[in-house]
Amino acid sequence: MVTEEQVWNALAEIPDPEIPVISLVDLGVIRSVDVSRDQVRVEFTPTFLGCPALEVMRDAMAARISALGADAQIEVISDDSWSTDRITPEGREKLRAGGFAPPAPREVGGPKLVQLQSNAFRCPYCGSQDTTLENIFGPTPCRSVRYCRSCRQPFEQFKTI
Amino acid sequence: MTDQVQKFLEIADDELILGWRNSEWTGIAPLLEEDVAFSSIAQNEIGHARAWYELAARELGTTADELAFDRRPEEYRCSRLVELRLVPDWAATIARHHLYETADEARIAALKQSDDPEIAGLAAKIDREEAYHRMHAQMWFERLQDEPRFQAALEELRPLLDVRDEHTPELAELWEEMTMVRRSVAGATW
């Protein structure tokens, strides 16, 4: 008999396929885990709809749950319930330590260009706020590219969603 | 087919075709930043297309892939605006980007008000991603707005936005490229 806690612990060991410093649980994409007998139902919210890692995440979750001896049912919920605000405080710290600036809090009405161009974003390497927006878009849909003028280091900024 | 399914197909077709067109800049955009931007925007648009195709597919008893790739070019409901192959014309590409994102914003805003929580929720999620596309389009609009070539492209492309019943030969050419692999391996699942 599998317990909910075992499932959460197993899911917490799955790294994000594109930012492996953070786990799926840290990322906040697991909305719920429901165990009844040997059936485990997981509600999973994608980060970006075009993220090519979605299938990899889904398969990894199913594999971990099967390894616990249960049948996995992974339900993808494509609504507005995932936000970068759901990244856990531990997750934000792991991102920063991995060289990814964690996202700014979601504000009412979404981010504005003028905010992105402001220098209120901290460099994850030296902590300076003297940073500039290089590109709204980056190597994956969830990241922007910024440049730190203090330590002269480009860095990736997790987009606020 | 209900009006609502028709609407999902219009949006999905627009996003799929524009996603392909945007991806044509990968590797050859005038700036490295724009290679990255247009590639990322293309990826988002195709993700949105899939989400709308999935809703339509459930109503029609089919799959998202079949709707995206197994219809004939004349069955697509996309706008003529997204069909055109604009590479290597950067001014026209930015003009289309701006026209499309502006129109798409209004369409998504209306869907966010839907009584169906699934539709409203999906539209709200898409809108948060599209906010970044709109910022990018706006930034380029401000840079190019005084350029006569850009103004001319806006005037030329604007009337195409609402044309959905007649397609250009360019759509059929794109369809050939887009569905080539799928047609060559019958019954393949990926």
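Modeller: The bridge partner of A101(A) in strand 7 of chain A is Q157(A). This is a predicted model, in which local features need pLDDT of at least 70 and side-chain atom pairs count only at pLDDT 80 or more, while totals for chains, interfaces and linings use all residues. Residues are numbered from 1 along each chain as its sequence is written, with chains lettered from A and ligands numbered from 1 in the order in which they are written.

Colleague: How do you know that strand 4 and strand 7 of chain A pair?

Modeller: Strands are DSSP runs of E with at least two residues, helices are runs of H or I with at least four, and both are numbered from the N terminus. Two strands pair if DSSP finds at least two bridges between them; strand 4 and strand 7 (residues 153–158) of chain A have two bridges, in the parallel sense, so they count as paired.

Colleague: What makes strand 4 and strand 5 of chain A edge strands?

Modeller: The open sheet of chain A has four strands in the order 4-7-6-5, with mixed pairing. Strand 4 (100–101) and strand 5 (131–135) of chain A each pair on one side only, and this places them at the edges.

Colleague: Why is I14(A) called partly exposed?

Modeller: A residue is buried if 20 or more other C-beta atoms, placed from the backbone, lie within 10 Å of its own, exposed if 12 or fewer, and partly exposed in between. I14(A) has 19 within 10 Å, and is therefore partly exposed. I14(A) lies in the loop between helix 1 and helix 2 (24–27) of chain A, and, leaving aside residues up to four places away in sequence, it touches S23(A), L24(A), A60(A), M61(A) and R64(A), where contact requires C-beta atoms within 7 Å.

Key: Two residues are in contact if their C-beta atoms, placed from the backbone, lie within 7 Å.
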